[in-house]
Amino acid sequence: MKPAEERSVSVALCTYNGERFLDEQLSSIAAQSLLPNELVVSDDGSSDDTLLILRKFASTAPFAVRVLQTEINLGSTKNFEQAIAHCTGEIVALADQDDIWESVKLEQLRSALDVDQRAG
């Protein structure tokens, strides 16, 4: 197994009518001391401006952003399953739309996985 510092990192973010939360969460992901290799967003049929906000962010993000849209409402668990299934990173960090991450979250996650190979 590669050391954690050499492993790619994906963020799996699930959304549903999250327009009031997304700007802060997306900003906190983009401000990480260790940027992810990709952000995979699975939207569960939002009817607000969630998709518009995600597309705008994707156009300027310093990493790859993929937005998946569901045809039918999957619910939280299935929506996360879909997001995770589309991640390509060796490490996957889960994010809720109403989170705001500390700037060292991904760096500390990868470091913790490097210290204890049994973690994760």
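Student: What covers the buried residues of α4?

Tutor: This is a predicted model, and in it the cover over the buried residues of α4 includes β1 (9-15) and β4 (91-96).

Student: OK, and which residues of α4 are the buried ones?

Tutor: Helix α4 spans residues 105-115, and its buried residues are Leu 106, Arg 110 and Leu 113. Looking down the axis of α4, you'd find them within an arc of 60 degrees, so they line one face of the helix.

Student: Why would residues spaced like that point the same way?

Tutor: An α-helix has 3.6 residues a turn, so residues three or four places apart point the same way.

Student: And what's exposed on the other side of α4?

Tutor: Gln 108 and Val 115 are exposed there.

Student: Back to β4, then. Which of its residues are on the covered face, and which on the uncovered one?

Tutor: Ile 91, Ala 93 and Ala 95 make up the covered face of β4. Val 92, Leu 94 and Asp 96 are on the uncovered face. In a regular strand the side chains alternate between the two faces of the sheet.

Student: How do β1 and β4 pair, parallel or antiparallel?

Tutor: Parallel, over six bridges. If you want a spot to look at, Val 9 stands opposite Ile 91 in β4.

Student: Switching topic: where is Asn 17?

Tutor: Asn 17 is in the loop that links β1 to α1 (19-30). Its phi is near 45 degrees, which is a positive value in a residue other than glycine.

Student: Is Asn 17 buried, exposed or partly exposed, and why?

Tutor: Partly exposed, because its relative accessibility is 21% and buried means under 20%.

Student: Now the whole protein. How many helices and strands are there, and in what order do they run?

Tutor: There are four helices and four strands. Starting at the N terminus, the order is β-α-β-α-β-α-β-α. The radius of gyration is 14 Å, close to the 14 Å that the globule rule gives for 120 residues, so the protein is as compact as a globular protein of that length.

Student: What does the C-alpha trace span?

Tutor: About 45 × 25 × 20 Å along the principal axes.

Student: How much of the protein counts as buried?

Tutor: Of the 120 residues, 41% do. The protein exposes about 6700 Å², with carbon and sulfur atoms supplying 49% of that area.

Student: Last one: what share of the contacts join residues at least 24 apart?

Tutor: Taking contacts between residues at least 6 apart in sequence, 80% join residues at least 24 apart.

How values were computed. Residues numbered from 1 in each chain as written. Predicted model: local features only at pLDDT ≥ 70, side-chain atom pairs only at ≥ 80, totals over all residues. Heavy atoms only, no water. Buried < 20%, exposed > 50% of the residue type's maximum accessible area, 1.4 Å probe, protein only. Helix = DSSP H or I, 4+ residues; strand = E, 2+ residues; numbered from the N terminus. Arc of directions from axis to C-beta. Contact = heavy atoms within 4.5 Å. Pairing = 2+ DSSP bridges. Rg over C-alpha atoms; globule rule 2.2 N^0.38 Å. Areas by Shrake-Rupley, 256 points an atom, 1.4 Å probe, with all protein chains shown as cover.
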